Amino acid sequence: ILLRIGVKCYVFEGHFAEIFSVFEGWVKIRVRVRLHCLNVFEMEDEDLEQNAFLKALKTRCPDLYKSASADQKVICVPRASSLHGLALNRSNFEAHIIKASPFFAGVFETGCGKTMDFEDSVLETKQGFPEKRKVKVLFEELHYNSEYKAFRVLCIERPLQGGSMESVDVATRHAVTGLTECKSLSSCQSLLASLKLQDLVPITKAESLISDMFRSYVIAKGYLGHANSKLSSIFENACRDLVAANRHILSRQLSGERSRLAFNRCIETILMETTHPKLMSSLTSLYRKEEERVEGAISQKTSASPSELGADARIECSLEKAIALLKPLDDLSTPLDKISLLQEVANSINESVEGGKSRGTVPTSLTLSADDLLPLYIYVIIQARPKRVYTNAILLSNFGGVGLNGCESGFHVANMMASADWLLSEGKRAPHSRPPAHPDAASGGRESPISSSFPGLYSSVDSTTSRARMGSTVAKTGSGIVSGGSGGAGC
């Protein structure tokens with residue numbers, strides 16, 4: 001078996017052994033024991049030869065390492081992600097070199113008089129340690145001294161003394177669980193700070209590339225998709241390089257598709273802080289005429305009621321909260337902030353309708369459908385009169401960010417774009433025209449006569465703007481209103 005160097009692993013007393021390297025005619029074997037008591041997800045597959053603790057032990061206190069290996073003692077090496085705050089000095093090295101007690105089974109001693117219990121793959125510190133800790137053994141390896149005698153090296157969950165009580169890995173895991181909760185630039189910035197990444201050069205590089213792009217690239221109508229593709233490439237490369245540069249912190253936490261998507265959106269939002277004003281400046285110039293028509297339609301329909309805009313006449317409720325929420329839309333600095341605001345507006349509209357039911361001004365049997373939500377949405381826009389309605393709708397439709405399609409965010413963006421398109425069409429139409437309804441789901445996706453009279457509601461007036469067709473039923477799932485045909489309740 002030893003001569004078959006190409007063999008990856010073989011069964012060794014119920015464990016797995018791996019052949020790592022060959023040198024000077026001798027086969028060097030490091031046996032990594034996969035402890036049966038551990039869940040595979042708790043183990044970190046790291047090379048102990050590259051571990052900062054073990055390397056420091058060899059270089060700073062070579063006499064300790066030589067003595068430990070010669071006497072075939074056990075060296076406990078905290079995994080790399082747990083070394084935050086741990087002083088790599090002689091005192092801590094001595095506390096992590098142990099040998100079995102000659103008097104008591106299951107008890108191990110250090111050379112400096114400290115003791116611990118070692119049972120069921122858990123080290124429990126006892127006499128001499130500043131505090132009691134229970135530390136799991138993740139795996140162990142057999143290393144060999146100069147006389148080719150084996151000694152054990154344990155990879156442990158965290159230090160036996162010193163360092164941070166909560167490892168960087170655990171702290172990072174807690175931070176990453178908040179990825180999907182990031183709904184603003186400030187929350188994304190806070191999350192990035194909590195991850196304590198050591199290398200942020202990819203973000204600086206991406207910001208430089210974005211500045212270079214806007215100095216030499218002109219955004220034109222009909223080519224927004226191309227501009228989005230260029231920006232997306234910069235964002236994706238920044239995320240990939242950031243993960244690669246901080247792999248020891250992020251590799252395990254971003255193993256799932258959902259966490260990777262959320263992390264990418266977080267980094268994109270941070271980069272959008274510098275990108276957003278440049279994009280808005282370009283889009284404002286491109287869509288100046290459309291913006292004027294939308295402003296004209298808003299002025300024209302200020303006195304229109306929700307029912308005159310096409311909402312069910314039985315819906316009588318105050319939408320003042322939604323109107324107040326929408327007013328600062330143009331002041332927000334990233335698409336994520338704006339989409340989160342649109343979600344709040346939609347939720348507020350739904351809450352107002354539900355409140356009307358409890359007060360008796362709205363029939364309890366009424367179910368808020370997309371055909372009713374859209375006119376209410378348009379009414380809120382008209383009354384709130386946020387700046388650059390059409391430009392913001394174009395921005396969100398084309399540069400809304402990662403994971404926009406097939407989720408709740410995409411539904412809110414589609415409603416905003418549909419409202420802006422309708423107001424644009426009304427810029428030269430008679431006042432109080434009823435907005436077209438959503439495609440009728442009951443008719444198999446065929447448009448109603450009203451919507452077919454203005455197909456631009458959920459189709460594109462600009463070839464670069466893509467909107468999803470929404471079903472007619474609106475359901476309240478979790479924290480917001482979503483379309484039954486949108487394919488999901490949340491990103």
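Glutamate 141 is buried in this predicted model. Its relative accessible area is 1%. The residue belongs to strand β10, which covers residues 134-144. The side chain of glutamate 141 makes a polar contact with the side chain of histidine 143. The distance is 2.9 Å. Burial extends to much of the strand: of the 11 residues in β10, eight are buried.

Strand β10 pairs with two further strands. With β9 (residues 122-125), the arrangement is antiparallel and rests on three bridges. Within this pairing, leucine 123 sits opposite valine 135 of β10. With β11 (residues 150-156), the sense is again antiparallel, and seven bridges are formed. Here phenylalanine 139 has cysteine 155 of β11 as its bridge partner. Strands β10 and β11 form a hairpin with five residues between them. In that hairpin, tyrosine 148 adopts a positive phi near 60°.

Glutamate 140 and arginine 152 form a salt bridge, with an N to O distance of 3.0 Å. Arginine 152, at 28%, counts as partly exposed.

Across the whole structure, 17 salt bridges were found. Side chains of opposite charge can pair when their charged atoms come close. Two further pairs involve the loop between α13 (370-384) and α14 (389-399). In one, arginine 385 pairs with glutamate 295. The closest N and O atoms are 3.4 Å apart. Arginine 385 lies in the α13-α14 loop, whereas glutamate 295 lies in helix α10 (residues 288-300), so this pair joins parts separated by 90 residues in sequence. Arginine 385 is partly exposed at 37% relative accessibility. Glutamate 295 is partly exposed as well, with a relative accessible area of 30%.

In the other pair, the side chain of arginine 388 meets that of aspartate 330. The N to O distance of this salt bridge is 3.0 Å. Distant parts of the chain are linked: arginine 388 is in the loop between α13 and α14, and aspartate 330 is in the loop between α11 (320-326) and α12. The two residues are 58 apart. Aspartate 330 has 12% relative accessibility, so it counts as buried. Arginine 388 is partly exposed at 27%. A network of salt bridges was also identified, linking Asp63, Arg90 and Glu94.

Backbone geometry was examined next. Most residues other than glycine have a negative phi, and most peptide bonds are trans. Arginine 388, already noted for its salt bridge with aspartate 330, has a positive phi near 50°. Glutamine 72, also not a glycine, has a positive phi of about 55°. This residue is located in the loop between α2 (62-70) and β5 (74-78). Glutamine 72 is partly exposed, with a relative accessible area of 42%.

Rolling a probe the size of a water molecule over the atoms shows where empty space is left. The structure contains one cavity of 30 Å³ or more. The volume of the largest cavity is about 40 Å³. Its lining consists of Arg265, Glu268, Thr269, Met272, Pro335, Leu336, Phe399, Gly400 and Gly401. Two elements, α9 (257-286) and α12 (335-359), each supply two or more of these residues. Helix α9 gives the largest share, with four residues. By class, the lining holds four nonpolar, three polar and two charged residues.

Note on methods
Residues are numbered from 1 along each chain as its sequence is written. This is a predicted model: local features need pLDDT of at least 70, side-chain atom pairs count only at pLDDT 80 or more; totals for chains, interfaces and linings use all residues. Side-chain values use heavy atoms; hydrogens and water are left out. On a 1 Å grid over the protein atoms alone, a cavity is a set of points where a 1.4 Å probe fits but cannot get out, and a pocket is an open set with protein on both sides within 12 Å along at least five of seven lines; lining residues have an atom within 4 Å of a point. Grid points are joined across faces, edges and corners, and a volume is the space filled by probe spheres set on the points. Ala, Val, Leu, Ile, Met, Phe, Trp, Tyr, Cys and Pro count as nonpolar, Asp, Glu, Lys and Arg as charged, and the others, Gly among them, as polar. Buried means under 20% relative accessible area, exposed over 50%, partly exposed in between (1.4 Å probe, protein chains only). A polar contact is a pair of N or O atoms within 3.5 Å; within protein, one must be able to donate a hydrogen and the other to accept it, and residues adjacent in sequence count only if both atoms are side-chain atoms. Two strands pair if DSSP finds at least two bridges between them. A salt bridge is a side-chain nitrogen of Lys or Arg within 4 Å of a carboxyl oxygen of Asp or Glu.
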